[in-house]
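Q: Please pick one part of this model and look at it closely. I would like to know what surrounds that part and how it ties in with the rest of the chain.

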Amino acid sequence: MVASVSIKSNTIQISKEIQNIQKQFPAKIKQILANVSASQLRRIRLRTEKGKSVSGSPFTPYSTKPFFFNTNPEGQPRYKFFEGGYREFRGSKGRSTKPDLNFRGNMLSAMTTKVSSDKASLFFRRQEENKKAFFHDIKGAGKGRVVRPFFSINNKEEDLILKEFAIKIEKILK
């Protein structure tokens, strides 16, 4: 899974100007893209920690359907019945019962960026975390295959990225 930020325009004149800026200041453009993409990663993390999807709506609550769960996945399996489902299991482990896609913090902390002179990509640096994100974001996680879209850029965030980028470009050109 990759989210990308790249420089695009819909007119020939603006496109040529952007290309000229890229040729004159490649290191600065790369630095700006790095800053803008880091800001977007921060927005994704904050939004997700608040239990909000890309669209701003709350995530679907964790399941309260009773189930048996292995409470010791690293060692000898120990199964325990949780009347309140996965939500109760999270509470028993001292975790938030509000969906925030964060149990150990590995998935969200694995989000990173790759920057070139004309593009910044957001992605997960470890395959295991990328797989978790894919299930949460696209395929659906858990037995109920619940989708909680989080790893994308909404229109409001896109506008923020464009504004931030424009402000930084203006400073270069002055």
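A: The cover over the buried residues of helix H5 includes helix H4 and strand E5. Helices (H or I, at least four residues) and strands (E, at least two) are DSSP runs, numbered from the N terminus; cover here is counted by contact, that is, heavy atoms within 4.5 Å. The model is predicted, so local features need pLDDT of at least 70 and side-chain atom pairs count only at pLDDT 80 or more, while totals for chains, interfaces and linings use all residues. Residues are numbered from 1 along each chain as its sequence is written, and side-chain values use heavy atoms, with hydrogens and water left out.

H5 spans residues 127–139 and has the highest confidence in the protein, with a mean of 95. The scale is pLDDT, the predictor's confidence in each residue, from 0 to 100. The protein averages 88, and 90% of the residues score at least 70. Strand E1 (residues 2–6) has the lowest confidence, at a mean of 55. Where pLDDT is low, the predicted coordinates should not be read in detail.

The buried residues of H5 are Glu129, Asn130, Ala133, His136 and Asp137. Buried means under 20% relative accessible area, exposed over 50%, and partly exposed in between (1.4 Å probe, protein chains only). After H5 comes glycine 140, with a positive phi near 110°.

Glutamate 129 is buried, with a relative accessible area of 2%, and forms a salt bridge with arginine 126, the closest N and O atoms being 4.0 Å apart. A salt bridge is a side-chain nitrogen of Lys or Arg within 4 Å of a carboxyl oxygen of Asp or Glu. Arginine 126 is partly exposed, at 34%. Salt bridges with shared partners join Arg126, Glu129 and Lys132 into one network.

The structure holds five salt bridges. One of them joins the side chains of arginine 47 and glutamate 157 at 3.0 Å, N to O. Arginine 47 lies in H2 and glutamate 157 in helix H6 (residues 155–173), so the pair ties together parts that are 110 residues apart in sequence. Arginine 47 counts as buried at 8% relative accessibility, as does glutamate 157 at 6%.

Another salt bridge pairs the side chains of arginine 90 and aspartate 100 at 3.2 Å, N to O. Arginine 90 is in helix H3 (residues 85–92) and aspartate 100 in the loop between H3 and H4, 10 residues apart. Arginine 90 is buried, with a relative accessible area of 2%, and aspartate 100 is buried at 14%.
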